[in-house]
Amino acid sequence: MLRLVVQRLLLLIPLLLGLSVLLFAWVRALPGGPVTSMLGERYTPEAAARIEAEMGLDQPVWVQYGKYLARLIEGDLGTSLRTGRPVLEEFLTRFPATIELTLVALVLAIGIGIPLGYVAARRAGSVVDHASVVVSLIGVTVPVFFLAFILKYLFAVELDWFPSAGRQSVTMVATHPTNFYVLDGLLTAEWDAAWDAMMHLVLPGLALSSIPLAIIARMTRAAVSEVQNADYVRTARAKGIKASRLRSDHIIRNAMLPVLTTIGLQVGLLLSGAVLTETVFAFSGIGGFLAEAVFSADYPVLQGFVLLIAVVYALVNLIVDVSYGLIDPRLRRQQ
Amino acid sequence: MRLRAPSRLTGTVALAAALAVALTGCVASEREQGSGEEATGKDTFVFAGSSDPATLDPAFASDGETFRVARQIFEGLVGVEPGTADPAPLLAETWDISEDGLEYTFHLKEGVTFHDDTDFDAEAVCANFERWKNFTGLAATESLSYYYNAVFGGWGEDSKYESCAASEATTAVVTLNAPVPELVAALSLPAFSMQSPTALEEFAADEVQGTEDAPQLTEYGKGHPVGTGPYTFVEWKTGESVTLEAFDGYWGEIADVKRIVFTVIPDGTARRQALEAGDIDGYDLVAPADVDALTEAGFTLHQRPAFNILYLGMNQAAPPLDNIKVRQAIAHAVDREALVQATLPEGTEVATQFVPESVSGYSEDVTTYDYDPEKAKALLAEAGVTNLEIEFNYPTDVSRPYMPDPAAYFEAISADLEEVGITVKATAAPWNPTYLDTIQGGAGHGLHLLGWTGDYNDTYNFIGTFFGAASNEWGFDNAEIFQVIDEARNAPVEEQEAAYKEANEALMDFLPGLPIASPVPSLAVAPGVEGYPISPVQDEVYSVITFTE
C-alpha cells in the first residue's frame, strides 16, 4: 500500500512537468494577451510595448518558460495580473469555499444517488425505478447554469427561503480562522454564522450535485442489478442468510466498487461544474475566479490554478484507489 | 479485519461528532461584544459591484469598481458639482491659476483630518504630489499609475509637475514646467485623491513588489487606505466584499448610511436576482432589457446622465474607407434614429459628434448626416465604387456602459448598409482579447464598434483619446486634424471652448467614423433608498443617502 502511494506520488512529477509545458504553450497561443485586457479602450501600441517589456513578455518564449519553471520549482506560482495578489494565496483563500461546495454536492449526490439507484435496481420496473430514470435524465441534460437560475428564482427570489448569492450574508460579522465558513462558525461557537453559511450552501450545492447525482444513481442501479443476480448472492440466499446481512455484505459491498470509481471521477467533474455554479451564485471559490481569469487573460492564474487542480485531482483519485483495498480484501492482498 | 459497513459508518459519524464537540470553542471568536447580532439593514447600504476593487490605493487604479469604493474613503482637492461633470471645490475651497498656466495656488479647507488623525494641510497636499511624481519601477507604469502619466505626461524628470510648496498651512502652490490645461478637471479623479502621508509611509504604499510578470498589491493597497472621506475602511474579503464604516471625525454630514458593504457579484443576472431577493440594496449597469421589469416590480431606476460615446469606426487603412465619399455614404445609410429607438436605453439620443452634449467643447454647428439611403447610393456612385464589400468587426461577450448590446447594433447597421448595396462581411470576436487586439493592434479591420466613457469634463479626454495621434484603430495620418486638436488643448483657458468646438467641427467634416449615441446607463436601488447621488462621472458618495421605511 505504501509502495503504491509513493509510486503514484512520484508519477506526479513528470505529469506536472508535462502539464506545465502544455499550459504555458496554450496560454501563450491565445490571441491578444494580458496587455490588451489591462489597457482596454486606452490601448496604444507604445503603452502596450512598455508594459510588455516591464512584464518580460517581449522575451523569447523559451526564456519566459525557463523563468517560469525556475520560479515554479521554488513554489512561486506568480502574481495574478488582475488582483495583484500571489496566485498561491488566491488559491488557498478560495479553495476552502470550493471544497465546502463540492462536499455538499458530493454528499447530496451520494446520499440521494446511491439509495435511489439501489431501490431502483431492487424493485426494477417499479415507480421508484421509473422516477430514478427521470431524475437521472433531468440531471444529465439540464445545464447547470439553467438549473441554478431556476432554483434561485424559485427558492431565493419568489419564496425567499435561501439567499441568492455569496457564501455568507454580507452584514454577518464572523470570525474566519480557517476560511471554511461552516466549520469556522462551529469552531468559534458563532452558531448563527455557521447556520448562515450553511443556508448559503444549499442552492449552489443542489445545482452542482445534479449531474453526479444522476450518474451515481445510474451506476448504482446497474451495479446492484448485476450483483443481485450473481451466483454468490443466490448461494448466500439459499444458505438462508439474514436479509440485512445479504444486503450489506454481499450486494452493496460488491456493487460499490464501480460506484466508487465513478465518484472519484466525479470529483473532477464537480471542480469543472464549480466554474458555472460559483459564477451564477457569486460563490467566491476557485471556479468563479478561474472563469474571470479566462475573460481577463490572467496568465499566471490560469497556469497556476490548472496545475493545482491537477494535483488535487490526482490526489483524490489516489485516495479512491487506496480505498478500493479497504472495501475489497482481494485487491488489498494483491497490493 | 472484517468490519460491517453499517458499524464503520456509525463509527465515523460518532468520531466526527465527538471531534466537532471537542473542537467547538477552540478558536476564540473575534467578534466584539454586542456585535454578534446581524447588523440591521437600516443603517447598512449593500451595493453589488461586478468585481473586487483592483486595489484600495486609487493612485494605482483606473477602473470603475476601484473608484466606486475610493470615492467613499477619499476626497480630492477638486470635486464635481452634484449631478454634473463640472469641477467644484472640495478639499480646496478656491484656487488661482497664474497667467502662464504654470502655477496653481490651492486654498485649502480648514479643520479637516485624515482617518488616522493626521492633519490635512498644505504639507499633506505636497506629499501627495511628490509621491506621484516620484513613483519608480513598477509603480511608474501605465498598468498602475495610468492617470498620473495621462495627465502629467510621465514620471520623475519627464513629469510636467515641477514642485509643490506649502507656503502656509492652508495654501499649497503647485508649479508645473509645462501647461496641463485639464489639470483642475483631472484632479477630480479618485486617482488624485488626498491620502494620509503618515499611512502611506507606515504601510509602504510605494514599494510595489513583484517580479516582472506582475506587480503585487502593497500592504497599504491591500488593507490600509486612509483618506479624509466620510467612510473609513473596515475589511476586504477578497472575492466577497469590502466593508466601510462612517468616520466619526468627518468634516461634513453623514445621513443614514453608517455602514457600506460592497459585495462582489460578477454575473449580471445574479445581481438582478440578488436585488429582487432583497440581498442587496443596489447595483450598477442594469441591462436595458431589465429596466422595465425592475421598475414595475417597485425598484427605483436611476438614469445616469450620459458621459460616454458609442461610435462606428471606419479604418482608413482599409480601402475604400479612405475615400471621404464612401465614409459619407455610410453615414447617410445608417438609420441611427431607429437604432437608438430599438436597441438603446430610454432617454438616449443620437450623437452628432465624438463628445456627449454635457462636455464643454460640444458644438451645435457640426456637419450632420441624416438618414438618406438615396443620397448614400448617389455618393457611392460618385465615388465610383460598385459591389462594395466591407469587413465589419464587432465584439461578443461584452457589455460596456456605452455599448450594452453590440450584436444588436451590428445587426441594425449591417441591415442598413445592405439596403444601399454594401455587402457586409461580419467578423465577430470575443471582446477580450481578440476583438481589442484586432482593432487596436493591427490594420486588419474595416468597420468596427467601440466607444469611451469620459473621465472628467474635458474635450481632450474624448477626442484626444481617439484622434490625438495616428493609430491602428483609425488608420489615418492627418496632420491637420492632429494639429487642430493639439492647438485647442493648449489654447488659453478663455479661448479653449471655442477652439474645441472648431476641432469637433473639423472632425465631423473629416468623418473618421460615425458617432452613434451616448447611451444612458441605469442603476437600480431597492425601495426605501432615497437620494442616491447619481452622477455622470460616477462621483457618487453614499453619505447623502437616506432610508425610508
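What pattern does chain A follow, read along the sequence, and how do helix 5 and helix 11 of chain A cross?

Tutor: This is a predicted model, in which local features need pLDDT of at least 70, side-chain atom pairs count only at pLDDT 80 or more, and totals for chains, interfaces and linings use all residues. Residues are numbered from 1 along each chain as its sequence is written, while chains are lettered from A and ligands numbered from 1 in the order in which they are written.

Read along the sequence, chain A runs α-α-α-α-α-α-α-α-α-α-α-α-α-α. That is 14 helices and 0 strands (DSSP runs, numbered from the N terminus: helices are H or I, at least four residues; strands are E, at least two).

Now the pair. Helix 5 of chain A covers residues 87-122, and helix 11 of chain A covers residues 243-280. Their axes come within 10 Å and cross at roughly 140 degrees (lines fitted to C-alpha atoms over the stretch in contact; angles run from 0 to 180 degrees between N-to-C directions). The two helices are therefore oblique to each other (under 35 degrees is roughly parallel, over 145 roughly antiparallel, 65 to 115 roughly perpendicular, the rest oblique).

Who meets whom? Helix 5 of chain A brings residues including A:T98, A:L101 and A:I114. Helix 11 of chain A brings residues including A:V259, A:I263 and A:A274. Contact requires C-beta atoms, placed from the backbone, within 7 Å. By class, this contact has 10 nonpolar, 2 polar and no charged residues (Ala, Val, Leu, Ile, Met, Phe, Trp, Tyr, Cys and Pro are nonpolar; Asp, Glu, Lys and Arg charged; the others, Gly among them, polar).

Finally, the setting. The C-alpha trace of chain A spans about 85 × 55 × 40 Å along its principal axes.

Key: Two residues are in contact if their C-beta atoms, placed from the backbone, lie within 7 Å.
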